[in-house]
Amino acid sequence: MKSDAMYTRRTFLGQVALAAAGTVVLPAFNVRASDKSGIKLPVVGSGQFTFECVHEWLQPPYGMVWGDTHAVCQDAGGNIYLSHTVGKASMRGESVVVYDARGRFIRAFGEEFRGGAHGMDLHVEGGEQILYHCDTNRCKTVKTSLNGEILWEHGYPMEDASYAAQPINYVPTNVAFAPNGDYFVADGYGSDRVMKYSRDNRFLREIGKPAAGEGSPDNPDGELSMPHGLWVDDRGDTPVLAIADRANQRIQIFSLDGAHLRTVTDTPRLRKPCHFHTKGEWMVCPDLDSQVCILDRDYRVVAQIGDGKANNGAVGSRRNQSRDQFTPGQFICPHNAIFLQNGDILVCEWLPIGRITLLRHVAA
């Protein structure tokens, strides 16, 4: 772990142009100008879903170059953790960068995850806050302290008969946690399986099964194709497991014991869901196809924020553009998003030069 208190985030520059953003959803979304601090920022949304769009809100510390910015989470003290793959030109190799709630750099760690830093979520175990990392390069799930001390790691899941029977791809992408301490691991880039483990790391079962065909919303219920992200949703009376069935362009809902409960398909509004995070009655869902969605308790899309699909074309086709070519107020490839403690939303994107956008909530 390295700390550089003398380096603070750089002054935000360059994202002051006003552009159309957001798809018409409930109600019509538009872009206005904000005059806060004398800087005009894109403003997307209306009513309770109105946000100032502050691109590049988090900046790397001196000597570091972003790679793909893949995940964010926030601890109880308000500190923000960002994982990225680290750019090839970076003088520093840490893949996890920590900021305070105002976006000021605190420390960095995790050189061992360079190139593979993907999913990252925070869980409280025995009263201690723990980070779970999914390393897509070394194909491991790793637990660390908030300072980066490695506490436990797990590789190829031989305990699951599907993997023990023959060598198959295993590339974990995200982890979710049940209220009793059990947890779920999504093999989103490997063999399209989701596994459940007990709190003491015993394999319990698989959830759903890999889809027989290529990703399609017409695949049968319960079949998964790139189960990229997952979240234990406790907004209802009974917690359920929501799986971002990305290649199938849908969300699938299971009981925590693995029973399929529901499939949510809502194209073209819900296109390539990546992951989830909840706060109160709302769920934020980063969608790799150009937008960030807000879902209600019934998984209905009530807002599409910063929808850039009209300008973006095929998913990923703008990944190699420079920052001055990006469209202010619009997303390209949102990969993860969380509600911050103050109600703002932080979004990181699957871009080789990285981008972290603060959606600063504007009171209706």
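Which residue of strand 7 does Ser83 stand opposite? Ser83 stands opposite Val96.

The model is predicted, so local features need pLDDT of at least 70, side-chain atom pairs count only at pLDDT 80 or more, and totals for chains, interfaces and linings use all residues. Residues are numbered from 1 along each chain as its sequence is written.

**View 1. Strand 6 and its antiparallel partner, strand 5.** Strands are DSSP runs (E, at least two residues), numbered from the N terminus. Five bridges join strand 5 (residues 69-74) to strand 6; two strands pair if DSSP finds at least two bridges between them. Gln74 has Ile80 as its bridge partner in strand 6. Five residues lie between the strands of this hairpin, where Gly78 takes a positive phi near 95°.

View 2. Buried means under 20% relative accessible area (1.4 Å probe, protein chains only). In strand 6 (residues 80-84), five of its five residues are buried.

**View 3. Strand 7 between its antiparallel partners, strand 6 and strand 8.** Four bridges join strand 6 to strand 7. Four bridges also join strand 7 (residues 96-99) to strand 8, where Arg107 is the bridge partner of Val98. In the hairpin of strand 7 and strand 8, Gly103 takes a positive phi near 90°. Strand 8 (residues 105-109) is mostly covered, with four of its five residues buried.

Conventions: Side-chain values use heavy atoms; hydrogens and water are left out. Buried means under 20% relative accessible area, exposed over 50%, partly exposed in between (1.4 Å probe, protein chains only).
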